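The structure is shown first, and the points are then grouped by topic.

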Amino acid sequence: MEATMDAARAPEVTRRTRFSILAWLWPVVLIAAQVYAFAISPPDRDMGDLQKIMYVHVPAAWNAFISFFIVFISSILYLWKRDERHDLLAASAAEVGAVLTALTLVLGSIWGRPTWGVWWTWDARLTSTAVLFLIFVGYLSLRAFTDEPERRARWSAAVGILGAMNVPIVYMSVRWWRTLHQVQSSPSTVDSPYAWGLRANAIAFLIVLIYFVRTRYAAARMEREAEQRLDAAALAAGGYNA
Amino acid sequence: MTAAPVRESAVILPLELRQVARRFGRRWALRGVNLQVQPGEVVAVTGANGSGKSTLLRVASTAVTITAGNGSVFGHDLRRRPASVRPLVGLLGHAPGLYDDLTVAENLEFAARMLALGSPGGAISRALELCGLSAHAGERVRTLSSGWQRRVSLARLWMQTPKLLLLDEPYNSFDDEGVAIVNRLIEEARKRGGAALLVTHSLAQAAAIMDRRVTLRHGVIEEGLLPQLHDAPASHDGARSAARRVAGAQATLELS
Amino acid sequence: MTWRAEAGRVGAIAWKDLTAERRTKANFNAVAFLGMLVLLLFGFALGPDTATVRGVAPGIFWLAVLFSGVLAFNRSYQLELEGGALESLLLYPGERWTIFAGKLLANLAFLLLVEVVIVPVAVVLYQLAVPEQWPRLLLVLFLGTVGFATLGTFYAAMASRSRAREVLLPLLLFPMLVPLLIAAAEASAALLEGDPMGNAGTWIRLLLAFDVVFLASAILAFEHVIEV
């Protein structure tokens, strides 16, 4: 790291133009996918039109898992290369993932109410997602409570890796637990009338995910660059960051 | 700030720091320290409170990582090979670093096992004797005064036989006997071709043993306003780098 | 790195932690009593009906272990922070995972001793019958405690250094323990009834897999999280 003022890098304005395509693409694709799914799928024989909530709930859940996967890979890369850009990417993916998991949980709850008369069904996917949500929250809390950037990056990476490794284990154990004590079950998502709608929306949400993570990451990079310029000034002058 | 021109020398330096900076939160404790310690040299580090003296020692010992810049101890890179540095250094910190509920002997036994010493029993009794602790071996550290606790830390340093000694206020809280033990420790390190870096407020006590003195001010080494107590030894490889004002910062002179 | 030296270090750290604990005893008494208290409180909360309570006893027992045991982990690092010993500890030569392994062994021994106290209390309070397959039950107890101690020791290395240590440790640790809690409670419940459907084996295998995965990852990741 240079201790001089002229080491500043120009903010990466080009990125903005590069993914401004995504900025208008994501709402378009999302709406298109939702409309498509609504159009092609018949009302479910049990749930009626309530079933349509699946087209947000399920893709949100899938993409939350993808977020977590990004956190996992970025965390490993950070511990290996010590490049803080990986840490920033992990943090951005974690934030977006937390939102997606919260969305999944809320929608799952909303779906459960008219169907089973309860706000929560202990079904395998929903419960696993709740645990995943708490793991994300733990990760973000750790980051919030750790002020030193290097320490924060290393600790989050370790926590992110272990958390991500636990996701399949959580899912498996909750599923076995549920099959032992059969209670309410979740709607099947593999029936063919619904599959295409789900796939279309899964892709739409993936685009949403990519856009949000990239935007958050760009913001994090800019924050970090500002912080580094403050560091450089502090090193040169009085010894304290502003 | 420019780095002092580093001479490629055939001598492996016990300690070499190049533009080392360390930040704690938003405060930079070290802001670009350049320092070279020659084999057999004893360097006293002085400076006001908060100038970064303790941090300097801790960075050199690998207890604290470097935020920017780099350094080496006997040729081992501080950032990339801290594990190779550790067997070579011994740090006497501010805090005794002992376990209060264990006895003196138990603390040293623990240290011996952590150091993987060949014949721990012998090393421990020798260290106890040299530091005048034989009578207190069975007492819990909690019951000792701070001066005696620091003696236990000294005993531990004896067992480590480090080549680079890093001593933070070694003359504090010691009686004459304690001071003698510290000086002996330094002499032993010197004889082994090592070196010592002492942080001290009391130049009088260090005068007898030190070769030169540097002053830390706001995290950077600068020449003291007072004349040095000794001339720089003739064999001292040195180069002066020019001072440069940066954005109203104070000028710094680096002696290497 | 020679294995003998590293094993010596692991042993030294475990011995040191346990000796310090033995001298003060403050921790052990507090944790054991809290465990018993939790068992009692659950009894009150869930009503005096024996049948109900006996049915949920395994789950309650494991919760008592978790809630009381969590106190042990931060204290294990507190030991290092009090005299500034952590800095000295980190300056010894050798691999850093030995610090983790040593503390893990000490925490494991500590928790197992606490369980020796609270298991009989649970048996009495919830009127449990000692099952035929009690050796397997002991295995479940052991494997569950190993997983708990592994993750607790790991996360406490970070939480104990943070300003919100009391809330951060449970926040990080408990979600990670969900598979362990499920597996241990289910296996215990099945074995207490004689394992009629033969489920216990599956849960024990899950516990074992959990322990192996996290022991390995914690050991590998520890050097990145322990610092002065």
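Why is strand 3 of chain B largely enclosed by the rest of the structure? Six of the six residues of this strand (residues 42-47) are buried, so the strand is largely enclosed; a residue counts as buried if 20 or more other C-beta atoms, placed from the backbone, lie within 10 Å of its own. This is a predicted model, in which local features need pLDDT of at least 70 and side-chain atom pairs count only at pLDDT 80 or more, while totals for chains, interfaces and linings use all residues. Residues are numbered from 1 along each chain as its sequence is written, and chains are lettered from A and ligands numbered from 1 in the order in which they are written.

**Chain composition**

- Chain A has seven helices and zero strands; helices (H or I, at least four residues) and strands (E, at least two) are DSSP runs, numbered from the N terminus.
- Along the sequence, chain A reads α-α-α-α-α-α-α.
- Chain A contains 242 residues, of which 39% count as buried.
- In chain A, 80% of the contacts with a separation of 6 or more are between residues 24 or more positions apart; two residues are in contact if their C-beta atoms, placed from the backbone, lie within 7 Å.
- Chain B comprises seven helices and ten strands.
- Of the 256 residues of chain B, 50% are buried.
- For chain B, 70% of the contacts between residues at least 6 apart in sequence join residues at least 24 apart.

**The six-stranded sheet of chain B**

- Six strands of chain B form an open sheet of mixed pairing, in the order 6-7-8-3-9-10; two strands pair if DSSP finds at least two bridges between them.
- The edges are strand 6 (89-92) and strand 10 (220-222) of chain B, each of which pairs on one side only.
- From one strand to the next, the twist averages 25°.
- Strand 3 of chain B runs parallel to strand 8 (residues 195-199) of chain B, and four bridges join them; B:Val43 stands opposite B:Leu197 in strand 8.
- Strand 3 of chain B is also parallel to strand 9 (residues 212-217) of chain B, with five bridges between them; here B:Gly47 stands opposite B:Leu216.
- B:Val42, B:Ala44 and B:Thr46 point one way from strand 3 of chain B, while B:Val43, B:Val45 and B:Gly47 point the other way, and all are buried.

**The four-stranded sheet of chain B**

- Four strands of chain B make an open antiparallel sheet in the order 2-1-4-5.
- Strand 2 (27-37) and strand 5 (76-77) of chain B stand at the edges with a single partner strand each, so one side of each has no neighbour in the sheet.
- Strand 4 (residues 68-73) of chain B pairs with strand 5 of chain B in the antiparallel sense over two bridges, and B:Ser72 has B:Asp77 in strand 5 as its bridge partner.
- Helix 1 (residues 53-61) of chain B packs on this sheet, touching strand 1 (15-24), strand 2 and strand 4 of chain B, and its direction makes about 65° with that of strand 2; axes are lines fitted to C-alpha atoms, for helices over the stretch in contact, and angles run from 0 to 180 degrees between N-to-C directions.

**A helix pair in chain C**

- The axes of helix 8 (residues 178-192) and helix 9 (residues 200-225) of chain C come within 9 Å and cross at roughly 150°.
- That crossing makes helix 8 of chain C roughly antiparallel to helix 9 of chain C, a term applied to angles over 145 degrees.
- The contact of helix 8 with helix 9 of chain C divides into 13 nonpolar residues, no polar and one charged; Ala, Val, Leu, Ile, Met, Phe, Trp, Tyr, Cys and Pro count as nonpolar, Asp, Glu, Lys and Arg as charged, and the others, Gly among them, as polar.

**Contacts between chains**

- The contact of chain A with chain C takes 27 residues from chain A and 25 residues from chain C.
- Helix 5 (124-145) and helix 6 (149-180) of chain A each supply at least two residues of the side of chain A that touches chain C.
- Helix 6 of chain A gives the largest share of that side, 18 residues.
- The side of chain A that touches chain C holds 19 nonpolar, six polar and two charged residues.
- Chain B places 21 residues in contact with 22 residues of chain C.
- On the side of chain B that touches chain C, helix 3 (residues 104-114) of chain B gives the most, with four residues.
- The residues on that side of chain B are 13 nonpolar, three polar and five charged.

Note on methods. Buried ≥ 20, exposed ≤ 12 C-beta atoms within 10 Å, placed from the backbone. Parallel < 35°, antiparallel > 145°, perpendicular 65-115°, else oblique.
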